[in-house]
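Me: Please examine the structure shown below and answer some questions on its charged pairs and its domain contacts.

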Amino acid sequence: MSIDIQGVGKRFGSFVALDDVNLSLPTGQLTALLGPSGGGKSTLLRIIAGLESADEGRVRIEGKDATGLPAQKRGVGFVFQHYAAFTHMSVAKNVAFGLEIRHRPKEEVRERVDELLRLVHLEQFAHRLPSQLSGGQRQRMALARALAVEPTVLLLDEPFGALDAQVRKELRQWLRRLHDEVHVTTVFVTHDQEEALEVADQIVVINEGRVEQIGTPDELYDAPANDFVMRFLGPTTTLAGLVVRPHDIGVVALPVNGAIAGTVRGVHRVGFEVRLTVQTSEAREPAVVTLPRSRWVELGVDVGDPVWLRLPADAARTPADAAHVGGVVGVAH
Amino acid sequence: MTTLADSAARTPLRGRRAAARSTLTRGTGVTLGLSVLWLSVLVLVPLGAVVAAAASGGVAGAWSVLTNPQTLAAITLTVGQAALVTVLNVVVGTAIAWVLVRDRFVGKRAIEVIIDVPFALPTIVAGLVLLGLYGPRSPVGVDVANTRAAVFLAFAFVTLPFVVRAVQPVLEQLDPDVERAARSLGASGVQTWARVLLPALAPAIAAGAAMSFARAVSEYGALVLISGNLALRTEVTSVRILTYIENGQLSEAAVVATVLLAIALVVLVALDLLQRRVARRG
């Protein structure tokens, strides 16, 4: 195991940021810490890096106890959301920083910097200042800087959070390819479930200072451990007391055995998709069903028509948490 | 014949001048004229007059003024103490700015206000305060009156805010993650300071230091009461100028004034060059 976290807890005053977190991250993997803002995932990342100290528990990196070790002795590369560039140094100097601190020979530093700048496609910007780079370029520079010291683990805190949507998408695919090339154990924090599902080998869902679920993107998506994970990974609706995904629900215009009868209350077209709101007799809240436009045309139903809903046996579902459903009702009215 | 390097160096200048000319409309032309006139009446003409008055005694006259032991002692004392105070301000001012930006504590706002008191206080009042507290009848038993320490103290009092106020906004802009990044890359606390923080703050510190130095060199009110103005010992340049004027030696006064002017110019040009460097860094 590359990173081993045992019973880590952290409080800020009366606020519990992390509560007895236990986690083992295998060597060479790309792991996402996924969760809502303020859920404790960044705090956990900073504790691993030694930028924050845990109130309790232990952190082991590559088998060595790092709990009391200061940040500069952990051999950890850290990439910050807002780049944390050394603004008075050129791009090459930024990347060389960790090597120069270690008093490596000049020739070696130069070669390593060149190699890293090629890796992050910034070789022609070596002599620019960070302020002359775009956000995406700055973050690639920060990544090269963190990789320069050959860290045992690479930690990224919302690395694409400050970039616009298009650059985000490009950079996260690029990060995946880079990881496949470099193979350093990597942990990145994100609140974007799409980012985690697309890039990570393994996802750790963290909420209110606790680990909700650990698994591969497929495991999480197909078998969410609870209501929270289910809701966090994409749009959901409730049907017959279960939290389900709107696109998993099957709709037919004729009564079928085991299907739930309801009435169409609304039809909204969103691009290639049609979203139906269906009021069933068994629930106070209407269920939301999404289906391809072609399927909807085939069905030929509109507002006021009766429909029958059923959930395929293999569709992901979790029991609806009563408190959460109440909350949704409150919002809807 | 111009070399390639020559023309390359001149091109941006020419470009800038052309751009400035093209933005002038009739309205802005009038504004520019008024600005130049105002600047001339207030600053350029009086300064020119001082330099002209200094020159009226000829080179020999100026030389004899500058080699006068009392004048030389005054200039040496002023520049020396101003430099010492500036060094102090660089250290203490940066520390104060650091505390004000990075730490939260009770009474922070009060300190923010107190820092600016030397800006707002008439300097003669500052002199009175210093005399009362560190003079012959000091309630705390510290009497520096009529010593060089009094000059240093008065300079320190009036120049306190400069470095603090120059460094504070730059430090506020500096992301604390930059330090964390340096630490995670293996830098110790000292290395983080020396390689990351100081270079980032250096232009601001230098700007504050230049202003602090210029202000100290020109100080009069805060020290005139407590320093005793003893010839060859505690007499500063501004007091020396006044003495010349009181004796009716206007051209001698002008020579010393021109020296102060030259020192101020050197400092301000240095400051401007630094600010250009900062602007380029962005």
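Reply: This is a predicted model. Arg172(A), with a relative accessibility of 3%, counts as buried.

Me: Which residue meets the side chain of Arg172(A) in a salt bridge?
Reply: Arg172(A) lies in helix α5 (residues 165–182) of chain A, and its partner lies in helix α6 (residues 193–199) of chain A, so the pair ties together parts that are 22 residues apart in sequence. With 3.0 Å from N to O, the salt bridge is made with Glu194(A).

Me: Is Asp227(A) buried or exposed?
Reply: Asp227(A) forms a salt bridge with Arg231(A), the closest N and O atoms being 2.9 Å apart. The two residues are four apart in helix α8 (residues 227–232) of chain A, and therefore about one helical turn separates them. The relative accessible area of Asp227(A) is 8%, and buried means under 20%. Asp227(A) is thus buried.

Me: How many salt bridges does the rule find across the interface of domain 1 of chain B and domain 2 of chain B?
Reply: The two domains of chain B bury about 620 Å² between them, with 62% of it on carbon and sulfur atoms. On the side of domain 1 of chain B that touches domain 2 of chain B, helix α2 (residues 26–56) of chain B gives the largest share, seven residues. By class, that side has seven nonpolar, no polar and one charged residues. Across this interface the number of salt bridges found is zero.

Key
Residues numbered from 1 in each chain as written. Chains lettered and ligands numbered in written order. Predicted model: local features only at pLDDT ≥ 70, side-chain atom pairs only at ≥ 80, totals over all residues. Heavy atoms only, no water. Buried area = accessible area lost by both parts, 1.4 Å probe. Salt bridge = Lys/Arg side-chain N within 4 Å of Asp/Glu carboxyl O. Nonpolar A, V, L, I, M, F, W, Y, C, P; charged D, E, K, R; others polar. Buried < 20%, exposed > 50% of the residue type's maximum accessible area, 1.4 Å probe, protein only.
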